[in-house]
Amino acid sequence: MFSVILKDVALLSAIGVTLAVIMVIAGRLLSNYGQCKININGKRDVIVTGGSSLLSSLNDKQIYLPSACGGRGSCGACKCKVDSGGGPLLPTEKPFLSKAELAQGNIRLACQVKVKSDITIDIPASIFNIRRFSATVSEIIDYTYDTKGITFKLAEGEMIDFKAGQYVQLETEPYNKVKQRVARAYSISSSPQINDSLQLIIRYVPEGVCTTWVHQHLKIGDKVFLTGPYGDFFLRDTEADIIYVAGGSGKAPIKSILEDLAVKGTSRKMTYFFGARTLKDLYLTEHMKSFEQVFENFSYVPVLSAAEPTDNWTGKTGFVMPYFKETIRDPKNTEAYLCGSPGMINAVTKALMDNGIPQEKIYYDSFG
Amino acid sequence: MDISSFVLFWAAIFTSNILLTNFLGMCSYLSVSKEIESSFGLGISVIFVLTITTGLNWLVYRYILVPGNIVYLQFIVFIIVIAAFVQLLELIIERYAPALYYTLGIFLPLITVNCAIFGVSLFMVIRNYSFLQSIAFGAGSGIGWLLAILMLAALRRKLKEKLVPVGLQGVGISLIITGIMALAFVGFSGIVQIQ
């Protein structure tokens, strides 16, 4: 009896194994497409081994298209333009494409397109741009007693192409008892027109691994590594009114956005609320005020929550939230850009929504 | 069975249509029949896979399962053979006939789980067909399946412009239509009978 079972199992396994071996050999022979060239944005060629999906081929080359489902064709995040070599559109892609994208004809899901020959693709420059830069500290400005503006000069010949409002990750070097490197995200505060260097505004956080390193160890001439640019916190190209709200080092991305707009020009109504505790927490006030002359309809409103009697503060006091109402003309046609601590973001988002601003028009980075 | 392969072929298409008399392969029949072009593509793939896998399964049954005395494992073995063959076919078509791959190849994964394919292999064993009869029966069943899905797809295209009661829209009305088509096909049964 036992030997019969054993024989049957063996026979069944033999059939299974034989078929599996055939499949493996066939896979080797048939799915081998040799070396294929992927031309990206007409600028750069990468050579990959054909046979796998465009998404994973690009990942292997450190080009990371967004993908939430990991290439199973169920999220639609990995859309990109395939100009040639991608074959016809597959029924598995259709459900994820809008009418306009279908009409365009070259929008594909990178996870469904197989690389079987040379292929030409177009991906947003922002994705292509994410890189690790080596840079040198070229300037350190003390904005306040606890906030520094640090300028990093990129290595010779390096250029960073970013949108005003995006952030980079700064890698720390080991110092004192901190043995490992850490990376922390900071918004770029300099204008995107300058692309051979960038400035970050970093506020000292007691016990903070990175801010302690920056404030107590970083010197002019030090070499660091930055990765980026990341993030979709950047000005939307509409005609809507804008409210900026920032606190502490949250001034950085707004500064970049304003400096960018000063070059490009705008007639949008903009109000910038900056929340701080006391007068000595305010910085770059003159610079921000100067934008009131640059733009047709801009005002900078610093608000102090705990002004000292010696500050002789005559401006607005308390929290920023009560002052939104008077500046909002049409809540449905107003965008808000926030940068600050998670607590501030939550409170401000709630106040803005109470004032009728749609949630999808409130933008912020969520890295806290 | 001493029925000739030629008769069996025609019988499989009309009098014993795998879909309309046995109601096998219903899932893809109902879901893909929304478009005539897709239906045709899937139908052609079914014909091809059905013909080959029936032959393959006959060989496996006759020369491995019966001598090895493991006929009771036929369900598992048939499914593995079908799955492996479909996978292999997909690789071959993708490599050597890209155009065909984009029209038919994408349906192949659907076919692996099409019970008409499996059903034909089982009928072949139950009815004790010879190799030639099995091939004829497989090909005929495939053509019959294509015929059925094409008819439904054509009718569904017409239905798009018709007022169908809300509760019957989509699959509901498709099943009723399939039932009426099945009745019509019973009309052929006087010509030849296979069991």
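1. Two residues are in contact if their C-beta atoms, placed from the backbone, lie within 7 Å. On that basis, 16 residues of chain B meet 16 residues of chain A. Please keep in mind that this is a predicted model, where local features need pLDDT of at least 70, side-chain atom pairs count only at pLDDT 80 or more, and totals for chains, interfaces and linings use all residues. Residues are numbered from 1 along each chain as its sequence is written, while chains are lettered from A and ligands numbered from 1 in the order in which they are written.

2. On the side of chain B that touches chain A, helix H4 (74-96) and helix H5 (98-103) of chain B are the elements giving two or more residues; helices (H or I, at least four residues) and strands (E, at least two) are DSSP runs, numbered from the N terminus. H4(B) brings the largest share, nine residues.

3. Chain B has nine helices and zero strands. Of its contacts between residues at least 6 apart in sequence, 81% join residues at least 24 apart.

4. Two loop residues of chain B are worth a look. B:Phe23, between helix H1 (5-13) and helix H2 (26-32), has a positive phi near 55°. B:Asn128, between helix H7 (115-126) and helix H8 (131-159), has a positive phi near 60°. Most residues other than glycine have a negative phi.

5. One more for your list is in chain A: the peptide bond from A:Gly228 to A:Pro229 is cis, with omega near -5°. A:Pro229 belongs to strand E11 (residues 223-230) of chain A.
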